[in-house]
Amino acid sequence: MAGILRPLAGRAVQALTVALLVGLVSFALMHALPGDPAMRIAASRYGPDLMTAEAAERVRAELGLDRPMPVQLAEWVGRLATFDLGRSLVTGAPVAEELEIQLGASLWLAGAALALSMALGLPAGLLAGMRAGRLPDHLALAAAVLLRALPVFVTGLVLIIVFAVWLGWLPAAGFGGWRDLLLPGLTLAFGLAALSSRVTRDATAAVLAAPYVAFARTKGLPERLVVLRHGVRNAAIPVVAVLGLQLVYLVEGMVVVESLFAYPGIGHALVHAIIARDVPMVQGTALAMGLTFVLVNAVVDLLCAALDPRQVAR
Amino acid sequence: MSAHLEVDRLRVASRDGVLVHDVSFAVRPGVPLTLLGESGSGKSLVVQAIMGTLPAELAASGRIALDGRDLPGLPEAERRTLWGRRIALLPQEPWLALDPTMRVLGQVAEVYRHVRGRPAGDSRAEGRARLAGLGLADAVHRYPFQLSGGMCQRVALAIARAADADLLLADEPTKGLDAALRDGVAAGLRGEADRGRSLITITHDVTVARVLGGEVGVMLDGRLVEYGPAAEVLARPRHDYTRRLLAAEPVAWPGRDRPVPGDPVIRGAGIAKTFGGRTVLDGVDVEVRAGEVVAVLGPSGSGKSTLGNILLGLVPADAGEVRRGPGLAPLRFQKVYQDPPGAFAPQRTLRRALADVGRRHGVAWEVFEGLMRRFRLGPGLLDRRPGQLSGGELQRFALARVLALNPAFLFADEPTSRLDPITQREVADLLHELAGERRLGVLLVTHEAAMAANLAHRVLALEPAAAG
């Protein structure tokens, strides 16, 4: 039992570190950006036409933007300790409320992308691994290299042109039903499947060549049971382990894809908050992403420990 | 339960040539057959041809008949139904052949459940009983990585027995086991034969053939060069290769003259080490002098390798003191590893492996060339990768790489345990000569008492570690 708890305790410390670092770095980066934050915030609140020098001064005074930076940062950290993320400088609404809506939307998109990438990557990897070194393997490798090398916005635009503009099957943008999830989800899934198919391929080929699979055959088990009882679980270990890493790609891709498909998620919100110099929103969004990352990796740790007894003993 | 196997003019060929030439023998219940030979002699191919597991690029011809039924003529699916039920295979290195993520009991019980079609509860009870019968009652809920090599070997035997096949094929069953475990496994196999099973064992260990008795076949370059009753073949070998094989056994080695040792090069006093609550070394004193071979003898887990690693400073001791000879640079204390392929980077040529050492430590290339001549290593081998060399060649390269650094002390960690008997003798001769020639102090770790007695000035016997 202690074997499982130790990595989880490690993840808890990591979560704390992530929270502090994310807050600090996003604060520092926001203040390193050129331009006057007060004028940007005023422009976002009242629109560029109504923005005047007095409006900017009012914003500065109201939000205390002329106070020393360490004081502003300390204030954020102090509030964070009471689980208060502050209010948006633009809308005045609590950051936590806005995040709740946007994070929810993003989780739907991430879930769809992950499911689609499994549907694409696992069969492709299995097929390539069973025919390692032959034509299906080479084709799967070529496809994976191409899809991973293409920037997300290029994949997304190609999908929009083909499925929304030419064929007219799916909407180019929006939020609501499953049809809206399909194109942005697929855009992310291609990049994810590129990596997971290669990991699946290597794991499948390695397990099929393993002495324990050969022994399972010669001890008399039929092939179906050899694969089910001795193949699947061993091959799944590296595939699951790499899921945690895939999340980096997913978060990165989400910022681009949500803007591209006008999808109201957390990545979209982050871009807007940066433009508007809405520091609490930027900090809150980055914090939510960072903590999600830690949480998912903790879940991946647990899954790996459940699959592979050697990891618990170590 | 009885299986008669007849192999007549078996031939295994690849596109590049014939690998097994016209091998014929017969196996009947109760009389085990042992195929002796070094790696590459084709003995594994014979077993694979009987089992029907030859790689696709190899083709077998000739007759292999089990109770009169010709096996190669059967469709593949039908051949597979014989696996486990009529023919069982005891795999080599069972710690690799057991599923690392499944508990031991499951791996035994599934044979009863899925091969013999018994209900799940019965299968588990049967599995438990079989494991208990082999002294593994405490291990049923453990995973293979929690077992020793000898325990894994017994689990594999339980699995091979479970389906009750009457022909048992054992593929190098003692590979990687120490002397005590090796004798236990050989005796266990002998017991299978005594119970009326037909048994074919392939090995390069003459001791295994001696314990098994029955009949012996000696293979060389794909041919069965000698075949007859074990008592006769092992006592009065007719073929020259069989004679060399028997002469390569450490007990048969001629005595050696031992140079007079000089000053101590390294000395350890009161060395103690505990791993995870288990005491492996408890106040051991050891001293190695220039030109002297000191053998450390003991079963697996007795701390032999740990002692050498402590002397070299690779592992910290819990207590005790290590003192090196005065004026000897740290680089002059070196180690040769047990598993030659594991001691070289697999994707780099031997030339690169040696040149890197030369560049790092300022050793001229001529030094390596001289050592290679001395060790009978042709320059043609330099552009190959480690996987393309034999174990003996690689181990000689490992020695050359170490000796280029002009060591004063060499820790040889079971340097011959993974080698064929004839190669093992060559490497042992080399170690003996080097100790005399170069006034090298050698700490030789081994589990072969005969080798220790033959090579060493002094033998330090370590007791098996106390439990708890």
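1. Phe333(B) is buried at 6% relative accessibility. Buried means under 20% relative accessible area, exposed over 50%, and partly exposed in between, with a 1.4 Å probe and protein chains only. Phe409(B) is buried too, at 0%. This is a predicted model: local features need pLDDT of at least 70, side-chain atom pairs count only at pLDDT 80 or more, and totals for chains, interfaces and linings use all residues. Residues are numbered from 1 along each chain as its sequence is written, chains are lettered from A and ligands numbered from 1 in the order in which they are written, and side-chain values use heavy atoms, with hydrogens and water left out.

2. Over all chains there are 4 aromatic pairs. Rings of Phe, Tyr and Trp (its six-membered ring) pair if their centres lie within 6.5 Å; planes under 30 degrees apart count as stacked, over 60 as edge-to-face and the rest as tilted. In chain A, Phe163(A) and Trp169(A) have ring centres 6.1 Å apart and planes at 45 degrees, so this pair is tilted. Phe163(A) is partly exposed at 23%. Trp169(A) is exposed at 54%. The rings of Phe333(B) and Phe409(B) also form a tilted pair, with centres 6.0 Å apart and planes at 45 degrees. That pair links distant parts of the chain: Phe333(B) is in strand E15 (333-336) of chain B and Phe409(B) in strand E16 (409-413) of chain B, 76 residues apart. Helices (H or I, at least four residues) and strands (E, at least two) are DSSP runs, numbered from the N terminus.

3. The whole structure has 40 salt bridges over all chains. A salt bridge is a side-chain nitrogen of Lys or Arg within 4 Å of a carboxyl oxygen of Asp or Glu. Glu172(B) and Lys43(B) form one, at 3.3 Å from N to O. Glu172(B) lies in the loop between strand E7 (167-171) and helix H7 (179-194) of chain B, and Lys43(B) in helix H1 (43-51) of chain B, so the pair ties together parts 129 residues apart in sequence. Both Glu172(B) and Lys43(B) are buried.

4. Asp166(B) and Arg86(B) meet in another salt bridge, 3.2 Å from N to O. Asp166(B) sits in the loop between helix H6 (149-162) and E7 of chain B, and Arg86(B) in the loop between helix H2 (76-80) and strand E6 (87-90) of chain B, 80 residues apart. Asp166(B) is buried at 7%. Arg86(B) is partly exposed at 23%. Salt bridges that share partners also join Arg161(B), Asp164(B), Glu192(B), Arg195(B) and Arg197(B) into one network.

5. Which residues of chain A lose the most area to chain B? First, the totals. Chain A and chain B bury about 2100 Å² between them, 62% of it on carbon and sulfur atoms. Buried area is the accessible area (1.4 Å probe) that two parts lose on being put together, summed over both. Phe215(A), Thr218(A) and Lys219(A) lose the most in chain A, together 33% of what that side buries. The contact (heavy atoms within 4.5 Å) takes 22 residues from chain A and 26 residues from chain B.

6. Between chain A and chain B there are 3 salt bridges. Glu110(B) and Lys219(A) meet in a salt bridge at 2.6 Å, N to O. On the side of chain A that touches chain B, helix H9 (211-218), helix H10 (223-241) and helix H14 (309-313) of chain A each give two or more residues. H10(A) supplies the largest share, 8 residues.
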